Amino acid sequence: MFEGKKIYYTENGGLSFTNITYDLPNIPVNCILYDPDNERLYIGTDAGIYFKEDGTTTWLEDGNLPYRMIITDMKLNKVSNKIMISTWGHGLWEGEIVCNYVNNELVINTNTVWNCDKRLNRKVRINNNATLTIINSNVLFHNEAGIIIEHGSKLILDGGRLTNFCGDMWQGIEVYGNTSLPQTEANQGVIELLNGAVIENAECGVLLGRTKAGGYYLSSSGGIIEADETCTFKNNRVAIRFTDYANENISYIYGCSFITDNAMIHPEIADTFIVMRNVRGVEINGCTFRNDSPDDFAYSKRGTGIKGIGSQFTVDKYIASETEYQSKFENLYRGIYASNYNSMVSISITNTRFINNDRGIYISSVNYPVIKFNEFDVKQASTQPAYGLYLYNSKGFSVENNDFTSSDHTGNYGIYVYNSKDIAALIYKNDFSFLNKGIQTAGVNKRLQIRCNTFTDMHADDVNIAITGTITTKLGTCYTHSSAANNIFTVSCGDMEIYRDIWTNPGVNFFNYSYQHSEEYNLSPDCYNPQKILLWECQTDFDPAVSCPDLVAFSPLILIATINSAKETLTALPKIDAGNTQALLNIVYSNQPPGKIKNKLLGLYLSDTVLIAVVKRPGKPPLPPGIVKEIIIPNSPVTAKVKQAIDTRVPALPTGILTEINNVQTGTSAREELENQIAYYEEQKGAATNELIQCYLFDTTIVNGMDSLIAFLAVQPDISSKQLLIQAYLLTEQCNQAKTFLNQLPQQTDEDLYFYKFFNLLADKCIAGESIYDLPPAQEQIIRNVLNSGTTTVANAQALLTLVFGEYFPEIFEPLIAPDSLNITGILLSDSTCGSVAIANAKVFILNSDSTLANIRPALTDASGNFRVNYFDLLQLNDTALCAFGLSDGVALSHPVTDFRAISEWLDASPVTLRLSLPEASVALADSILCFGDSVLFCFFGLRRDFALYIPVVVR
């Protein structure tokens with residue numbers, strides 16, 4: 001009688017009913033339960049549980065029960081995601097709530113408050129300028145579900161917790177914006193997190209934008225996030241993602257925690273906590289970024305704290321209600337990654353701790369970054385060198401008052417600088433300890449100053465400052481009491497400690513290094529190459545407070561006055577070589593009488609280039625000794641390079657003239673004083689310029705800072721300023737102005753040419769209103785040509801390819817090249833039984849006196865059997881302890897090695913010849929011995945056994 005009529009539904013309190021039995025089997029129904037969060041209806045029958053989603057006409061059987069049984073009652077436990085049931089004769093049961101996704105959205109179009117736990121298996125959309133407030137409630141989402149906040153609408157998460165159910169990550173929150181409008185609550189979607197709010201287990205916790213297949217809608221960026229202290233993002237693939245938004249950003253993230261631990265659902269996809277793409281002005285202050293279970297993740301999957309591509313942002317401490325929150329990055333693969341295709345987009349990182357990260361901060365093609373008052377504890381976790389700070393093709397940086405250390409002595413670099421080029425940059429008053437290398441510079445760094453840094457207990461390689469490329473000709477000057485380099489070193493030179501205060505590779509240019517007198521501090525580098533470095537001891541005593549003062553921030557007006565004053569002083573000073581070295585060289589090499597040549601050179605401040613030409617005059621008859629003397633003495637004391645030219649002149653100067661010249665090689669020459677003065681005012685101008693630009697970029701109290709920056713750069717005459725101006729125009733979308741100045745730039749060098757190619761492409765796309773993400777093959781090829789150009793603009797091309805195609809590029813680390821006398825070289829040969837054949841691709845180990853492996857890298861033999869044990873590896877050994885060479889299976893030696901010597905003895909014996917020694921017992925017992933390339937075949941009483949050739953060696 002009741003077939004097909006088991007369940008009825010009413011919308012009017014029972015006045016009328018609708019049959020919703022649909023396809024339910026003809027079985028008794030005993031109880032009914034409605035889940036309003038998921039809009040799902042459950043029924044308990046004599047044959048188990050069935051359920052139906054709202055808006056459907058299909059009943060589905062819940063398959064959690066092992067067999068069909070009579071259900072008497074049902075309850076839902078939303079916290080544990082369980083449905084609990086009582087049965088007739090089979091006890092009490094509980095099971096997982098079936099995780100079906102419902103495609104119709106839950107729409108919030110009026111102001112709504114949720115203050116109870118919910119479970120949602122569909123998307124929630126907040127629109128119509130409505131606000132949804134979630135107060136201290138757990139809201140769980142299906143893996144395909146999430147929240148969408150339309151522009152003009154808001155979500156407030158007040159102490160609530162948004163997480164997943166059904167065992168997989170949910171989609172997260174999308175905050176829609178309007179890219180073309182400024183950030184106001186009327187224009188953009190907004191999310192506020194406060195009072196301990198938690199977002200966890202999401203693919204992307206908060207997306208400031210709108211997804212589409214394969215990317216994001218560029219027209220829907222600009223959503224706002226306001227996250228206050230005590231909020232937490234936990235175990236999300238990405239916690240917060242900002243998409244492209246050209247206007248100033250008012251979003252902020254203060255005092256929040258970003259955590260990954262071993263409860264992450266998919267640890268192999270751990271990515272980045274905060275990702276920014278083409279945004280400006282985001283403040284991330286007082287936040288913690290931490291992997292609580294680093295050993296459970298592959299090192300490259302331990303996560304990155306912040307990744308900014310084409311983005312300007314600040315990281316600093318945060319103070320609220322007299323509580324200070326310090327920014328921290330801990331146990332991560334990389335703390336901060338910043339890479340920009342427009343170098344005028346900058347970053348500021350201050351008052352932040354970097355603890356136990358493989359890499360601290362990576363900065364590529366970011367001009368004028370500020371890195372101050374931070375702490376770096378560098379720990380080696382990967383096969384690549386670990387570092388605190390890496391600056392690649394970035395200019396005008398200020399790295400001041402930071403602490404770089406390695407608590408477990410495994411960190412490779414404190415600071416690595418590659419190509420700061422010809423714009424002033426400063427590494428000042430930082431502390432370095434327990435690192436292999438404090439500072440290393442590579443590439444071209446013509447105006448980089450390294451001053452007032454302290455090096456303590458440097459470990460292993462013990463290189464305080466390593467220079468492998470071009471450096472400024474003067475590291476500090478003696479012009480004022482606070483202008484000397486005055487770095488504090490710790491090494492006392494010994495047999496194995498040559499060059500370990502300042503290391504210079506063979507190709508480094510000659511430069512002056514200045515320091516003040518001190519009985520308490522080791523200001524003079526003890527270990528350096530005098531062929532590369534001329535030490536200048538200033539005639540003043542070192543006073544830490546006066547010689548290395550804390551740098552004070554000044555207002556733009558004071559900075560502009562400082563710049564103008566330095567310019568005026570430089571203009572008034574005489575010029576070296578009268579400002580035209582080539583013209584003087586033409587005079588030196590001319591056929592004019594020697595007296596006329598002398599008269600045209602006297603009274604001028606002559607460079608080393610001109611003085612050496614006077615002394616040697618290659619390709620021309622030498623000038624008379626008396627003429628040489630009259631030109632040299634007014635320019636004395638001369639540098640070591642000029643003195644060497646004098647001493648090696650052919651024909652040699654007469655003894656009397658040499659004596660007169662040698663007698664005046666004391667004190668400081670007038671030219672040197674002038675060069676010190678010029679260097680000092682150039683540094684003052686450069687430092688003030690950098691600080692002024694940083695003010696315009698980061699000081700929020702300055703109205704229209706970019707307009708002021710553009711006005712300043714527009715009146716600077718140098719090419720570097722014009723290049724910065726072009727990028728500033730592009731940043732503010734003044735496309736035609738950028739194009740105009742581009743066409744005025746010279747294109748004489750590769751640097752000029754590839755800068756033009758890259759930024760001309762950006763200017764053309766800007767004028768045409770085209771997206772940077774739309775790169776047709778021809779334009780992509782231009783970018784890739786720049787990528788392979790070997791110029792500074794390579795870094796800009798890399799950033800663009802990272803942004804558009806997700807390509808990443810490894811850091812460059814130039815090796816330190818030690819003289820052959822400091823490396824142990826040799827050849828590895830097989831035993832004479834097999835004809836003393838060279839052994840290729842074998843690992844040669846250093847053995848301790850107990851025949852265990854020394855803790856340094858093995859040397860690999862080449863195709864000819866040659867190997868090299870590097871000086872910097874040998875430094876990690878005790879140079880008085882005995883050691884030997886051997887081959888190993890990586891666990892233990894087959895039999896002992898007996899030839900042990902001190903490292904100094906092995907250096908004296910280099911190059912050494914090592915021969916494989918076959919086990920005597922094996923040779924004696926063998927019926928026959930056959931040699932086959934890299935293996936030896938022994939025959940024992942009719943049995944054949946292969947023996948690996950790579951067995952321990954002894955030195956004969």
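**Close-up views of a predicted model**

**View A. Helices α3 and α4 cross at roughly 160°, and their axes come within 9 Å.** Helix α3 spans residues 581-588 and helix α4 spans residues 594-601 in this predicted model. Angles over 145 degrees count as roughly antiparallel, and α3 and α4 are therefore roughly antiparallel to each other. The crossing of α3 past α4 is left-handed. On the α3 side, the contact is made by Leu-584, Ile-587 and Val-588; α4 contributes Ile-597, Lys-600 and Leu-601. Of the residues in this contact, five are nonpolar, one is charged and none is polar.

**View B. An open sheet is formed by three strands in the order β56-β58-β59.** The pairing in this sheet is parallel. The edge positions are held by β56 (474-475) and β59 (533-541), each with a single partner strand, so one side of each has no neighbour in the sheet.

**View C. Strand β56 pairs with strand β58 over two bridges.** Strand β58 comprises residues 511-517, and its pairing with β56 is in the parallel sense. Lys-474 has Asn-512 in β58 as its bridge partner.

View D. For the protein, the mean pLDDT is 88, and 92% of the residues reach 70 or more.

Notes:
Residues are numbered from 1 along each chain as its sequence is written. This is a predicted model: local features need pLDDT of at least 70, side-chain atom pairs count only at pLDDT 80 or more; totals for chains, interfaces and linings use all residues. Side-chain values use heavy atoms; hydrogens and water are left out. Axes are lines fitted to C-alpha atoms, for helices over the stretch in contact, and angles run from 0 to 180 degrees between N-to-C directions. Helices (H or I, at least four residues) and strands (E, at least two) are DSSP runs, numbered from the N terminus. Angles under 35 degrees count as roughly parallel, over 145 as roughly antiparallel, 65 to 115 as roughly perpendicular and the rest as oblique. A crossing is left-handed if the near helix is turned anticlockwise from the far one by less than a right angle, and right-handed if clockwise. Contact means heavy atoms within 4.5 Å. Ala, Val, Leu, Ile, Met, Phe, Trp, Tyr, Cys and Pro count as nonpolar, Asp, Glu, Lys and Arg as charged, and the others, Gly among them, as polar. Two strands pair if DSSP finds at least two bridges between them. pLDDT is the predictor's confidence in each residue, from 0 to 100.
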